[in-house]
Amino acid sequence: MSSFKHVIDQPHMRPSNRCGKFITGKMSCAVLFTTCWFAFLGCEQRGEDEAEVLARLFSGAGAEWIDMTYSYDERTIFWPTAQPFALEVVSAGTAEGGYYYAANNFCMAEHGGTHFDAPIHFAEGQHTSDQVPIDRLVGPAVVVDVSAAAEGGPDYRVDVGDLEAWEAEHGRIPDGAILLLHTGWGRRWPDPERYLGTAETGPYAIPELHFPGLHQDAARWLVENRRIDALGIDTPSIDYGQSTLFESHRVLYAENIPAFENVAALDRLPPTGAYVIALPMKIAGGSGGPLRMVGVRPNSSGS
Ligand SMILES: [Zn+2]
């Protein structure tokens, strides 16, 4: 897609380095972002200036916004050993002053539902939730659909061949891409038996986990040969359910590449041409946290 190519060919779109240092600075980051949307919405042809581009984008005209986030409630799926989401109603009714007032407390593990993995989750000394630069969390989406293959077995791992096959059809995974693995597991949410492989909780449930993930060789191939900003998947973990050493986590996080897990609505994004904004709760020192993730695709892109 030409506008997509235009964006990724901009030299200033390339991440400065593997550590994601923010050397572009605040001002040029804003320019970069606007330039992205400028090309994305085909505004050069329309003769629109940057302010008009942003106004049109955020008004929803010319683009579709897609919620890629599951709600948190009592059915939200967590790792079998993690503390699930709990909501405590503090107030839901008329206060003494005669006005309506609602407020709650909530409690949960960092890693559950649609959530963020900061690199420190599996790599000591790497970014915590609050340290991950924003430019790692926004960018062009590359969606690799392996749902047909994963349907054949829940232990499916996305391998180098899958990535090469995607590139043969769509071109090289661009620098700065947010790589999204679409396994089709979203169709099983929120049934834990079908999504995790077990509805049991506690340590004895761990060996029963079965769901697709990224093969460790593909993780190594990505860090050695491509420069993605982040990885996302529509399963509970970027390593498959039967993993015991979490190699893909360790390989990516050692390079400060964060991940998004339990991502929703991947079937609504085209292979290229969409963008993603994935903003986690900014927990100081956090290893991850709840994530609100949205995709935006031009109305003209097909899928
Ligand atoms: Zn996680």
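P190 sits in the loop between β7 (178–182) and α7 (192–195). Helices here are DSSP runs of H or I with at least four residues, strands are runs of E with at least two, and both are numbered from the N terminus. The peptide bond from W189 to P190 is cis, with omega near 0°. Most peptide bonds are trans, and most residues other than glycine have a negative phi.

This is a predicted model: local features need pLDDT of at least 70, side-chain atom pairs count only at pLDDT 80 or more, and totals for chains, interfaces and linings use all residues. Residues are numbered from 1 along each chain as its sequence is written.

**Confidence and overall make-up**

Mean pLDDT (the predictor's confidence in each residue, from 0 to 100) is 87 for the protein chain, and 83% of its residues reach 70 or more. Over residues 1–31 the pLDDT is below 50, although this stretch has 45 contacts in the model beyond near neighbours in sequence. Where pLDDT is low, the predicted coordinates should not be read in detail.

The protein chain has nine helices and twelve strands. Of its 303 residues, 42% are buried. Buried means 20 or more other C-beta atoms within 10 Å of the residue's own; exposed means 12 or fewer, and partly exposed lies in between, with C-beta atoms placed from the backbone. Among contacts between residues at least 6 apart in sequence, 74% join residues at least 24 apart. A contact needs C-beta atoms, placed from the backbone, within 7 Å.

D67, in β1 (residues 63–67), touches A265 and V294, not counting residues up to four places away in sequence. D67 and V294 are 227 residues apart in sequence, yet 4.7 Å apart in space, C-alpha to C-alpha. D67 is partly exposed, with 14 other C-beta atoms within 10 Å.

**An uncovered hairpin**

Strand β2 (residues 86–94) has nine residues, and the count of buried ones is zero. β2 pairs with β3 (residues 100–107) in the antiparallel sense over eight bridges. Pairing requires at least two bridges found by DSSP. T94 has Y100 of β3 as its bridge partner. Five residues lie between the strands of this hairpin, where G98 takes a positive phi near 95°.

**Cores and helix α8**

A nonpolar core is a set of buried Ala, Val, Leu, Ile, Met, Phe, Trp, Tyr and Cys residues joined through C-beta atoms within 7 Å. The largest has 51 residues, of which A141, V144, L179, L180 and L231 touch the most other members. Apart from it lies another core of ten residues, including I77, F78, W189 and Y240. Leaving aside residues up to four places away in sequence, V144 touches V158, D162, L163, W166, L179, L181 and H182.

Which residues of helix α8 (residues 216–225) are buried? They are Q216, A218, A219 and L222. These four lie on the same side of α8 because they cover an arc of only 160° around the axis, taken from the directions from the helix axis to the C-beta atoms. Their cover includes β6 (157–158), α6 (160–170), β8 (213–214) and α9 (247–253). The face turned away from the buried side carries exposed E224 and N225.

Technical notes: Two residues are in contact if their C-beta atoms, placed from the backbone, lie within 7 Å.
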